[in-house]
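Visitor: Please bring up the model. I would like to ask about helix packing and the ligand.

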Amino acid sequence: MELSIIIPSYNEKDNIRPIVRRIHEAMGSADISYEIWFVDDSSDETVQVLSELVTEDERVNVHHREGERGLASAVVRGFKLARGRYFIVMDADLQHPPELLPAMYERLKQGTDIVIPSRFVEGGSDGGLGPFRKLVSWTARVIGQLALHRLRRISDCTSGFFGLQREVVEGAELDPIGWKILIEVLVKGHYRTVHEIAYAFLARDAGESKMSMHEQWNYFRHLVRLVSQSPSDRRFFLFCIIGASGVIVNELMLTILLYAFHMKDTPASILASLVAMLNNYIWNDQITWRSPREGRKWNVKLPLFVAISLVGILITTLVMHACERIGFIVPVGQAVGILVSTVWSYVMNNKVTWRETEHRERGDIVVTRESAPTAFTRVKSGV
Ligand code: GDD
Ligand code: MN
């Protein structure tokens with residue numbers, strides 16, 4: 001078996017037959033052995049439609065889950081049932097055009113680990129969503145990409161449409177919450193290459209979306225879980241929290257020096273900053289980059305940390321001035337500067353100061369893109 005097409009379905013009675021037909025049409029010309037797996041949680045006539053289809057069409061398989069829900073866990077179940085060398089996951093409602101399947105298969109066969117049709121590369125569109133859903137979807141993506149570095153270069157990381165080599169998820173401990181199976185795969189899967197293909201996400205013909213506020217909340221919980229399970233993302237998060245704690249220490253120290261010790265402004269400000277730096281160093285050494293074995297001594301790490309922080313201050317000021325020059329007010333420029341210098345300090349401390357701490361960072365991922373020919377634009381099906 002070459003290809004397994006995995007389709008999670010929940011109350012999609014009017015879409016099941018059309019999608020199977022369109023998959024066969026799309027795959028028709030290609031000489032590929034494939035199977036279709038519906039992982040179904042429906043409570044309506046979809047169940048009957050599917051059981052009829054299984055007897056008529058040998059390529060169709062159904063796994064019905066009773067009393068269970070969840071798009072992502074349905075797909076994980078699909079991964080276990082599927083027999084193909086390659087897996088493609090898509091929605092049942094035809095918002096993901098089956099006409100793209102041969103191109104995705106081709107890429108997988110050429111050895112690409114993960115293929116993701118994308119609404120956000122040149123030639124793609126997300127016209128199938130209303131303005132409110134677009135905004136929610138955009139916010140969700142940005143938050144995800146800030147939280148998890150593995151999503152950062154993937155333009156459509158919350159897509160429900162993607163293909164992968166079986167090996168990407170074989171042996172990976174997938175444990176998603178809610179809907180976004182792709183973020184789980186991108187964080188925990190074993191892969192090196194990702195290829196994106198532009199496509200147009202169009203409106204539904206039949207049935208309605210099952211997206212809800214509750215699923216947004218699940219997405220947030222899922223992100224928190226993934227950050228806590230991914231050492232490098234957790235480390236950056238801790239670094240930021242400790243940095244924020246440094247601001248409080250700085251202000252507190254300044255107040256004490258000014259009002260209890262009657263120090264002059266400038267020395268008080270400098271001393272307060274130094275104490276804050278020491279505070280940050282200690283917490284980062286104990287928590288962020290806590291090393292299981294003996295690493296370097298503090299008399300090497302502390303000066304490095306201080307030097308990196310001082311350059312960070314310089315960067316903040318330079319960025320602030322640059323922002324001011326293009327018309328931003330100083331506090332906004334300073335905020336941008338702090339952002340840039342935080343990333344700078346994190347990267348440098350990770351690479352230099354605590355380089356001996358065991359980070360088992362996975363190597364770089366290669367992402368390629370292609371804009372789809374207009375031939376993939378959907379022809380309205382006569383449902
Ligand atoms: N088995 C199962 N169980 N399937 C489900 C469940 C469930 O609890 N909930 C939804 N599904 C199925 C639907 O039947 C459909 O095939 C697919 O999952 C997507 O559900 P929709 O309700 O159509 O979602 P959407 O169109 O709003 O959003 C989809 O597209 C976005 C863009 O690619 C989802 O795939 C999103 O995750 C994705 O970001
Ligand atoms: Mn949909």
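Guide: Val-227, Ser-228 and Gln-229 in α8 meet Pro-231, Asp-233, Arg-234 and Phe-237 in α9; contact means heavy atoms within 4.5 Å. Helices (H or I, at least four residues) and strands (E, at least two) are DSSP runs, numbered from the N terminus. This is a predicted model: local features need pLDDT of at least 70, side-chain atom pairs pLDDT 80 or more, while totals for chains, interfaces and linings use all residues. Residues are numbered from 1 along each chain as written, chains are lettered from A and ligands numbered from 1 in written order, and side-chain values use heavy atoms, without hydrogens and water.

Visitor: At what angle do the axes of α8 and α9 cross?

Guide: Axes are lines fitted to C-alpha atoms over the stretch in contact, with angles from 0 to 180 degrees between N-to-C directions. Those of α8 (residues 213–229) and α9 (residues 231–259) come within 5 Å and cross at roughly 100°.

Visitor: Which word describes α8 relative to α9?

Guide: Angles under 35 degrees count as roughly parallel, over 145 as roughly antiparallel, 65 to 115 as roughly perpendicular and the rest as oblique. The crossing is roughly 100°. Therefore α8 against α9 is roughly perpendicular.

Visitor: Which residues come nearest to ligand 1?

Guide: A residue counts as near with a heavy atom within 4 Å. There are 27 residues around ligand 1. The nearest are Glu-12, Asp-41, Arg-69, Ser-209 and Lys-210.

Visitor: How far is a polar side-chain atom of Asp-93 from an oxygen atom of ligand 1?

Guide: A polar contact here is a pair of N or O atoms within 3.5 Å. Backbone atoms contribute too: Ala-92 at 2.8 Å and Thr-158 at 2.7 Å. For the Asp-93 side chain, the distance is 2.7 Å.

How values were computed
Polar contact = N/O pair within 3.5 Å; in protein donor to acceptor, adjacent residues only side chain to side chain.
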